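Hi there,

Here is the structure I promised to pass on to you. Have a look at it first, and then read my notes on its pockets below.

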Amino acid sequence: MGVGVIGLGHYVPEKVLTNEDMEKIVDTNDEWIRTMTGIEERRIAADDEDTSDMAFHAAQNALKDGNIKAEEIDLILVATVTPDTPFPSVSCMLQDRLGATNAAAMDVSAACSGFMYAMITAKQFIETNAYKKILIVGSEKLSKIINWSDRNTCVLLGDGAGAAVMGNVSEGKGILSFELGSNGAGGKELYQNEMDHLVMNGREVFKFAVRQMPESSINVIEKAGYNKEDVDYLIPHQANIRIMDAARERLGISEDKMAKTIKKYGNNSSASIPIALSESVKNGKIKDNDLIVLVGFGGGLTWGAVALRWGM
Ligand code: ACO
């Protein structure tokens, strides 16, 4: 049997902040943001809405989508860099709110690659028959760590959550191969400072991402025994359209075969990939039996990718 996605959902907050709104906050303009990043607007959580609230809505949607009861979940993994509190973990909060009475729970910290780390961790537990159903979530309230006076970073980020239930799928479907990696020496390029603000060396992160995303994608495609031409759909971390396009072009994938939620949601860190996956499946871009590649990179530095045959 394979290990794959058996339920999928996402949630984004109601409040929209457009590029025009950003012009009132910092010295920036719509033209710069669109051309340099591909972002047109982003969602911002309400004051009384935290990471666990968004995780809860996304998780409920994933359980409903898979027709799965909360009590069936054996383990909850929440990837986040913006937990409500350092402890208890967001995953424990979620365990309680969902009524997932049989689930163990822990958070995963790998910044924007967090969802990939959670997905690949879930695969190991299911493959060894230790657990049957694992809820994985990427949820971020980045608006609470944004430095709203730093135009280099504040225009890039948004809030939201995506969730998937991982479980057994038929032979030949699900995760075919994976890659995870880290380079702690690059930690200084993207971190949270003593003011709790996100700080980024945009140039260095850009260079790392443009190299790592295609490299990891090609590695998982080859490990799965396929060629670039076999890929039906690409879900890259939604950090910057120029990074995503560079990766896509190196893989020879046409524009219509790549998820682009960045335009309306910005960069949602660990939530970007599951939101993009959930939307792509819901709007029919990903179909049964498609070969898809999910690839993320982020602070740490970290990266992770999977090649996955879609369907159950
Ligand atoms: N509006 C207008 N001008 C701006 C803005 C803005 N919002 N931000 C920067 N600029 C200016 C800079 O001040 C600079 O001006 P100068 O030449 O007068 O000094 C000019 O634009 C160019 O700035 P650079 O930073 O050199 O531009 P670059 O081509 O590197 O693009 C960007 C910046 C978009 C941030 C890019 O570096 C990037 O996308 N990096 C990767 C970001 C990323 O992937 N982050 C993911 C991690 S974040 C997370 O996941 C939580």
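Helix α10 (residues 272–282) gives three residues to the lining of the second largest pocket, the largest share of that lining. Keep in mind as you look around that this is a predicted model.

The second largest pocket holds about 150 Å³ of space. It is lined by 13 residues, and those closest to its centre are Tyr-233, Ala-259, Lys-260, Asn-283 and Lys-285. How do the lining residues of this second largest pocket divide into nonpolar, polar and charged? Six of them are charged, four are nonpolar and three are polar.

Now for the largest pocket, which has a volume of about 790 Å³. Its lining is made up of 31 residues, and if you want to find its centre, look for Leu-156, Leu-190, Met-200, Gly-202 and Val-205, which lie nearest to that point. Two or more lining residues come from each of these elements: α2 (30–37), β9 (190–192), β10 (198–200), α7 (202–223) and α8 (241–251). The largest share comes from α7, with four residues. Sorted by type, the lining of the largest pocket has 18 nonpolar residues, 11 polar ones and two charged ones.

Enjoy exploring, and write back with any questions!

Best wishes

How values were computed:
Residues numbered from 1 in each chain as written. Predicted model: local features only at pLDDT ≥ 70, side-chain atom pairs only at ≥ 80, totals over all residues. Heavy atoms only, no water. 1 Å grid on protein atoms, 1.4 Å probe; cavity = no way out; pocket = protein on both sides within 12 Å on 5 of 7 lines; lining within 4 Å. Points joined across faces, edges and corners; volume = space filled by probe spheres on them. Nonpolar A, V, L, I, M, F, W, Y, C, P; charged D, E, K, R; others polar.
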